Amino acid sequence: MAAERDTPPLGSAAAGLADFREPEDGEDLFVSTASTLESSPSSPEPASLQVEDVSANSNGPKTAEILIDDDQDDLFAEATEEVSLDSPEREPILSDGPSPAITPVTPTALISNRIEPKVIGVPSMFERSLDEVEEEAGGDLFDINISVSDPEKVGKTSLTIFNQSEFSVKRRFSDFLGLHSKLASKYMHIGYIVPPAPEKSIVGMTKVKVGKEDLSSTEFVEKRRSALERYLMRTVKHPTLIQDPDVIQFLESSELPRAVSTQALSGAGILRMVNKAADAVNKMTIKMNESDAWFEEKQQQFENLDQQLRKLHASVEALVCHRKELSVNTASFARSAAMLGNSEDHTALSRALSQLAEVEEKIDQLHQEQAYADFYLFSELLGDYVRLITAVKGVFDQRMKTWSKWQDAQVMLQKKREAEAKLHLANKPDKLQQAKDEIKEWEGKVQQGERDFEQISKTIRKEVGRFEKERVKDFKVVIIKYLESLVHTQQQLIKYWEAFLPEAKAIA
Amino acid sequence: MSSSFLPLSEEMFQARSVSVDLNNDASLLIDIPDALCERDKVKFTVHTKTTLGTFQKPEFSVSRQHEDFIWLHDTLVETEEYAGLIIPPAPPKPDFESPREKMHKLGEGEASMTKEEYAKMKQELEAEYLAVFKKTVQVHEIFLQRLSSHPVFSKDRNFQIFLEYDQDLSVRRKNAKEMFGGFFKNMVKTADEVLISGTKEVDEFFDQEKTFLLDYFSKIKDATSKAEKMTRSHKNVADDYIHVSATLNSLSAEDSTPLKHLEKLADLFEKLRKVEGRVASDQELKLTELLRYYMRDIQAAKDLLYRRARALADYENANKALDKARLKSKDVAQAQQHQQQCLQKFDTLSESGKKELTSFKGRRVLAFRKNLIEMAELEIKHAKSNMALLQGCVELLKSN
């Protein structure tokens, strides 16, 4: 594929993002981030995680800056002390576990989201990552290299959240889910669109299992790995989320506390389920007086978008399926043509038929590769956005809940006032004080409710704006990549048939 | 649903010789310039131009049905004198089953599609229908042209009747005896398979031919069915592009943010699917049809071998009968004459069979060459169009 091969490290995306001040200056932060991104010559490819080998880093990591704000987390300060800047030195510190986790540069380098033209090598890639997985006892561990290069200096209070320029850690699938669940519980109710984590079971997304070899298990691993990569990318690209200590810890710490709350039958898991059910019921009963037309419009828009994207996703999934079938049938025909060539007693025709068989075999590979591109570029993009839009809709619901809470507080305040008035008349001075206190309390709650509502509305507007921008960029980049994959296929087809043509003409 | 399809009769099909350069001899030129589709029946217009005096007029046309072609083929098969010739394979029955079924499914799924999508799918189906139609015309035409270009068949009386008789042939067709004869003939064929493989072959040429044809037949049959599957998958992919394009259109129409590139993308997929559709149908014509045709032709060659094997068996039986007669000293002259006849028949068969099989190979090689070249050229052409479309779109998207 002619896709841009240069691999701007994730860092250049995070670079701009890492230049922040306190979260309160959120808006300025946002702007500066945006401008940094726009002005960067090699724009980061959001859909693909750029992987850089620790060893093959020809650019050389710039030295990380460690101007750290004192207000930062203690955890953060600690981390600084422990770890040195020097790349070679850091490895022994980071790798508490067995060194294969960090050193296997080659396999991790292969675990890149780019789809190589020689994807024929894919099965062997999978084998290795599978071995990695099998080596670790129990559970699915993924080696992910995220390279974060240094932030550029913007203003005097620039700080670096990350200590080194490059590091790698091992994470379980459940760790990812745990991260998401923490982020969701912290940010969604105040209006931030938290990127959804990949679902626990991604099985059944493709309908056709390639019959030739059982690639289904390796496909599953690759699918999952790719999904996790995209999830992380989206999370770190979020200006607020990247600052979150949980995110930083996730990316940096050598050991994470086991995320127990993601287990299905845990107490926390059950609590989540109950909350989800409660939410669903509430949504039906809340009738909000929408004063702001913007929100109504947007909700409708997202509803439509959701429908269309789902439909498109289904169509593309069908395309993947059919292309896989085409690949299988082409291979089968190739074999048959070879047999026919063998049987043919006219020498020149026999040779031509064998050549035809070879061409068809190569074309079968092409179809396979194209099916990968269809899936990993196009289909997965759509799937991701279907889930993202669900998150967006969730955030709108949160706003409704916040409004509802505010309204409830107002109702309660009114009740308290009425109660106080009654007590006044009944002349019970001792209870009166309590009533007055309660009124004060609820006045406060009403004010808070209003503030919360305004805040969440503001946040959502910002988030939606950001989301739309990201979406346009994201789609454009991935679509271009996908189209380039199609171009590549056509180029190869031309090559193969042009090579065959003289063979056909040679039949005498 | 299917009634909304016609009319295709207005179309003029250009004569095309897919396989071999037939229809070269100006003394008898045949083509099927158009055909009519009436409900389930296809009516072919057979047009003849001739300089031969055996015909009443120099140029004329008649209307024929598929069954008329079958009748003609069967009469040729049953003609003793033609036992040593490869009888051109009968054209297969026009089969609109596949597009008809798809049309039905389309009707059922109409509710779930946008108007545009439905219109495009219908368009695609109509194109498929047309392709089947063209294929069947072609295959019937080639059958006649094979006959007209053959020194012996072109003079066949029934062939002349077929071409010239300006009324319905159905009366002749419905001759019960002929129909029964045809049925019997097919039954015997399977017994011949055993016969042909069992007979000891003295003649090296026929020995080789037998081995070759039996093996080649099974391979080409397999290749035909695999090619069919492959072509069908290709069509499925082209159809998927329609759905993708349609949904992209809806998306771009509804989206408030100026996602201009969705519209371009939708347009691209619409153009791509047309090219993909052509790739699929060209592949079908040049590859699948080629294989299918020669599979039938090889069957016809095998039939020649059967007839020869039967003649050999007859001869050997006649020999045995002669020996018996000599032993008994009874009807020796009769037996001798019969034996001579059988020998003569066998020799004639062998001689003409050899000629036919040799020219058959030449024909086959030429046809493969022509079609493989054409297919490769078309594939290259379509891939280049695709590439131009794709690159254009990528440029457009990148420049925004």
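1. Of the 400 residues of chain B, 52% count as buried (under 20% relative accessible area, 1.4 Å probe, protein chains only). The model is predicted: local features need pLDDT of at least 70, side-chain atom pairs count only at pLDDT 80 or more, and totals for chains, interfaces and linings use all residues. Residues are numbered from 1 along each chain as its sequence is written, chains are lettered from A in the order in which they are written, and side-chain values use heavy atoms, without hydrogens and water.

2. Chain B has nine helices and three strands (DSSP runs, H or I of at least four residues and E of at least two, numbered from the N terminus). Its order along the sequence is β-β-β-α-α-α-α-α-α-α-α-α.

3. In chain B, helix α7 (residues 204-254) and helix α9 (residues 332-399) have axes that come within 12 Å and cross at roughly 40 degrees (lines fitted to C-alpha atoms over the stretch in contact, angles from 0 to 180 degrees between N-to-C directions).

4. Residues of α7(B), including Phe205(B), Phe212(B) and Tyr216(B), meet residues of α9(B), among them Leu357(B), Arg364(B) and Phe368(B) (contact: heavy atoms within 4.5 Å).

5. Phe368(B) is also listed among the residues with the most contacts inside the largest nonpolar core, which has 131 residues (buried Ala, Val, Leu, Ile, Met, Phe, Trp, Tyr and Cys joined through side-chain atoms within 4.5 Å). Helix α12 (residues 347-426) of chain A gives the largest share of this core, 22 residues.

6. Beyond its neighbours within four places in sequence, Phe368(B) contacts residues including Leu349(A), Leu353(A), Tyr216(B) and Leu291(B).

Technical notes: Buried < 20%, exposed > 50% of the residue type's maximum accessible area, 1.4 Å probe, protein only.
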